[in-house]
Amino acid sequence: MVRLNGAEFVIEYFKRGGIKHVFGIPGHGNAAIVDVIYDMSKDIEFVPVKHEQYGGHMADGYFRVTRKTPAIVTTSVGPGATNLATALATAYVDSSTFIAITGDIQTYLLGKGIFQEVERQFQSDYVNAMRHFTKRSYFVSTVSQLHNVLPNAFKEAVVGRPGPVLISMPMDVQTAPLDVEFREVPMVTDVGRICPDQTKVLEASKILVRAERPLILVGGGVVMSGASEEVVKLAELLGAPVASTFRGDAKGGFPEDHELYVFSVGNIGNPVANKLAAEADVILAVGVTFSDETTSSYKKGITFNIPPTKLIQIDIDPHEIGKNYPVEVGIWGDAKVTLQQIINYMMELGKKGNYRETEYFKRISQMKKEWLEEMERLREAAPMGIPSVAKTLRETLPQESVITLSAGLPQEIFSQLWISYKPRTFISSGGFSTMGFALPAAIGAKLALKDTPVIAVEGDGSFLMNNVELLTASQLELPVIAVILNNYGWISIRDLQIRNFQGRIIGTEFKDRKNELKAPDFEKVAKAYGANYLRAESVEQIRSSVRQALTSSDTPTVVEIPVETKFPYSGTKAYGFWDIPRRS
């Protein structure tokens, strides 16, 4: 039995749970927590971020590349805590996780409206506000509650469908004494995998065996479950093309250099995946949420025809099954276990897997060839367009490199064209589509994978939001690479204005009142934070700059690439449909 205060108990507990990093900014509301971390610095590193939102993205990126133990984010009370809202929502929508420990006002002053309390509807109402963006939220009103809160918070963060967890700790709870016997505090983080109903698995297997034009659609759930090997086995057994979704971290769930991979479906997808999905007689969707970008805003016939296409949907979250399309067979279960069982049943049913001689495979191969040639023509028309940059970066970076992406053209085009060879190497804020995500997520990923190249691919607009975290990377001596695709504005939205609003460009180009370019000097920005700076104005300069950046061992590097701004070569070709209002 040991006597600890609340803050000491929290940090000691999570240290025993394997947590290695705490991201945050000290404030009066969490000073006791930060003070404890100092005493445990040999086991837990405190990462002093420059904005709480980006601390959340760092913790999010840290988890996405490992899918093991989460990280912690700590903030003070009030605006420090509310700054986490976007980071919580980003992780929640993409089924990632971190544990947020935020300060709160003293319990004996609740409801008085003291400094930084929000209480006009309910005393210290922060937890109620944030609960919409978390898998579970806890308000710890007495220190003894920590015995129950901590194991449950840890479990909620990582078990089943992951999601961020919030623990709001009043300042007096942080310093209140507590007698602790650690062997009485469980570490519930592994409860096994959810096995599916065997009758459903057999029913799905029989449908797949009879399918003439099957297609497998992989979502982020494949990566979360570690089911990539099973998807490959099943695809080869079926001879089925495999497409990925736009959201989250689905890319890499199936090796994208495989001959059965047909890239992504949806609005920013490609004609191969969309046509095959629309013509499929059976679609097996694994860990897919069927969002609007993936489904061409549910407009029938563009990406999906469900029904008459039969949908078999596997998901760890029963809420997602049948949510947006009717299912022929819905299977609640872990992706890896369920796919293993489907493979076993199909082999028992006599499925062989000699797909290369089929007309279906030959058609898939020809369609892919034609589309890839079309993309090459697009690159030739705009040598410094983002599609060309994506190809050059892929050819230059090692296969195991991790890239992170924020919202905008980088996210759209790299989702369409990037080739991910392995799971957990393509980290995108796809679900909530958050700007400012990529650089801090890359910092978190680099802390988790010290020997792996990590590259944040940012637009200049997104980088303007988060470049302060270059200082954090410099302080940590982390050689992350920030590739800035500079098109001098919010060009994704400018292009939308051109397409949908009669070409009226309003507030999306970085120009002054004289309509002249007014953009920052990114060399000065980078060097001000202690980062290296390189500029690439040609394909060969991109290659040489990235190779040079990869040689840095202890300093972040900014590689600025001025990219094509002329519409429509500023973007890529969209083959689906996105339901965005147009001005008539």
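Guide: What follows is a set of questions about labels and the values behind them, asked of a predicted model.

Visitor: What makes the protein as compact as a globular protein of its length?

Guide: The protein has 23 helices and 20 strands. Its radius of gyration is 25 Å, close to the 25 Å that the globule rule gives for 584 residues, and it is therefore as compact as a globular protein of that length. Along the principal axes, the C-alpha trace spans about 70 × 65 × 50 Å, and buried residues make up 59% of the 584 residues. Among contacts with a separation of 6 or more, 77% come from residues 24 or more positions apart.

Visitor: How do you know that helix α17 is largely enclosed by the rest of the structure?

Guide: Nine of the nine residues of helix α17, which covers residues 409-417, are buried, so the helix is largely enclosed by the rest of the structure. The buried residues of α17 include Leu 409, Glu 412, Phe 414 and Leu 417.

Visitor: Why is Thr 396 counted as buried?

Guide: Buried means under 20% relative accessible area, and Thr 396, at 13% relative accessibility, therefore counts as buried. Thr 396 has its place in helix α16, residues 386-396, and its side chain reaches the backbone oxygen of Thr 392 at 2.7 Å. Leaving aside neighbours within four places in sequence, Thr 396 is in contact with Arg 543, Val 546 and Arg 547.

Visitor: Why is Arg 499 called partly exposed?

Guide: Partly exposed lies between the 20% limit for buried and the 50% limit for exposed; Arg 499, with a relative accessible area of 46%, is therefore partly exposed. Arg 499 is placed in helix α21, residues 491-500, and it touches Phe 567 and Arg 582, not counting residues up to four places away in sequence. Arg 499 and Arg 583 are 84 residues apart in sequence, with 9.8 Å from C-alpha to C-alpha.

Visitor: Why is Gly 253 called buried?

Guide: The cut-off is again under 20%, and the relative accessible area of Gly 253 is 0%, so Gly 253 is buried. Gly 253 sits in the loop between β10 (242-244) and β11 (261-264), where it touches Val 222, Val 223 and Ser 228, not counting residues up to four places away in sequence.

Visitor: What makes the phi values of Ser 95 and Phe 263 worth a remark?

Guide: Most residues other than glycine have a negative phi. Ser 95 has a positive phi of about 55 degrees although it is not a glycine, and phi of Phe 263 is near 70 degrees, likewise a positive value in a residue other than glycine. Ser 95 is found in the loop between α5 (85-93) and β5 (99-104) and is buried, with a relative accessible area of 5%, while Phe 263 is found in strand β11 and is buried, with a relative accessible area of 6%.

Key
Residues numbered from 1 in each chain as written. Predicted model: local features only at pLDDT ≥ 70, side-chain atom pairs only at ≥ 80, totals over all residues. Heavy atoms only, no water. Helix = DSSP H or I, 4+ residues; strand = E, 2+ residues; numbered from the N terminus. Buried < 20%, exposed > 50% of the residue type's maximum accessible area, 1.4 Å probe, protein only. Polar contact = N/O pair within 3.5 Å; in protein donor to acceptor, adjacent residues only side chain to side chain. Contact = heavy atoms within 4.5 Å. Rg over C-alpha atoms; globule rule 2.2 N^0.38 Å.
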